Amino acid sequence: RKETLADPGFKHYCQANQWWVHDYAVFSLMRDRHQTPDFRHWPAMSSYDKNEVQALINSNTTEAQEAWFYIFIQFHLQKQLDKAIGHAHNLGIAFKGDLPIGINPNSVEAWVDASQFNFGLQAGAPPDFFSASGQNWGFPTYNWEAMKKDDYAWWQQRLGRMQQFFDAFRIDHILGFFRIWSIPKPFT
């Protein structure tokens with residue numbers, strides 16, 4: 001642990017990815033501790049609070065050490081992916097990624113950026129020749145008005161992260177940027 005924390009590469013990774021990796025680590029910690037990704041059912045931290053996340057990450061507690069383990073894993077995953085991409089590029093191979101239009105309602109994105117989504121609506125497709133009753137994909141629709149207020153920062157970060165790994169990428173259901181079939185979520 002001491003060796004990793006002192007590694008300049010790890011320090012650089014943590015600084016460059018602080019905008020997401022701390023949130024991801026604490027989300028993963030809570031998800032595993034409470035045995036559910038549905039943060040609405042966690043007894044603690046069910047509502048995202050950046051200050052609370054930073055306090056946990058910067059504390060000298062067992063929880064903090066466990067959270068840093070998730071950061072350690074992400075660091076090594078990126079090192080491995082960077083190495084694989086570099087090797088493939090040297091062989092003339094390009095990478096194409098796939099970016100889904102939606103997010104899981106129980107994801108770290110939903111926990112951290114709840115204001116960016118309409119959780120009372122679910123995305124889908126209208127009835128058509130292939131599905132007489134339509135399709136309900138189960139993910140929340142985007143709150144485009146909220147996203148517009150910060151110049152679509154959520155999308156800029158997401159696409160910027162994709163550019164680190166892929167030479168090209170496709171947005172699955174890109175029509176979702178122009179129109180989306182919104183289905184009211186039933187009350188439970």
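Among contacts in the chain between residues at least 6 apart in sequence, where contact means heavy atoms within 4.5 Å, 70% join residues at least 24 apart. The structure is a predicted model, in which local features need pLDDT of at least 70 and side-chain atom pairs count only at pLDDT 80 or more, whereas totals for chains, interfaces and linings use all residues. Residues are numbered from 1 along each chain as its sequence is written, and side-chain values use heavy atoms, with hydrogens and water left out.

The chain contains 8 helices and 5 strands, taken as DSSP runs numbered from the N terminus (helices H or I, at least four residues; strands E, at least two). In sequence order these elements follow the pattern α-α-α-α-α-β-α-β-β-α-α-β-β, and the C-alpha trace spans about 60 × 50 × 30 Å along its principal axes. Of the 188 residues in the chain, 35% are buried, with buried denoting under 20% relative accessible area, exposed over 50% and partly exposed the range in between (1.4 Å probe, protein chains only).

Within α4, the buried residues are Val 53, Gln 54, Leu 56 and Ile 57. They lie on the same side of α4 because they cover an arc of only 160 degrees around the axis, the arc being that of the directions from the helix axis to the C-beta atoms. These buried residues pack against α3, α5 and α6; Ile 57, when its neighbours within four places in sequence are left aside, is in contact with His 22, Ala 25, Val 26, Ala 64, Ala 67, Trp 68 and Ile 71. The face of α4 turned away from the buried side carries the exposed residues Asn 51 and Asn 58. At the start of α4, a side-chain oxygen of Asp 49 comes to within 2.8 Å of the backbone nitrogen of Asn 51.

Pockets and cavities were located on a 1 Å grid over the protein atoms alone, a cavity being a set of points where a 1.4 Å probe fits but cannot get out, and a pocket an open set with protein on both sides within 12 Å along at least five of seven lines, while lining residues have an atom within 4 Å of a point. Grid points are joined across faces, edges and corners, and a volume is the space filled by probe spheres set on the points. The largest pocket holds about 740 Å³ of space, and among its 22 lining residues Trp 19, Trp 20, Glu 109, Arg 158 and Arg 161 are the closest to its centre. The lining of the largest pocket receives at least two residues from each of α3, β1 (96-100), α6 and α8, with α8 giving the most, 6 residues. The largest cavity has a volume of about 40 Å³, and its lining consists of Pro 105, Phe 119, Leu 121, Gln 122, Gly 138, Pro 140 and Lys 185.

How values were computed. Polar contact = N/O pair within 3.5 Å; in protein donor to acceptor, adjacent residues only side chain to side chain.
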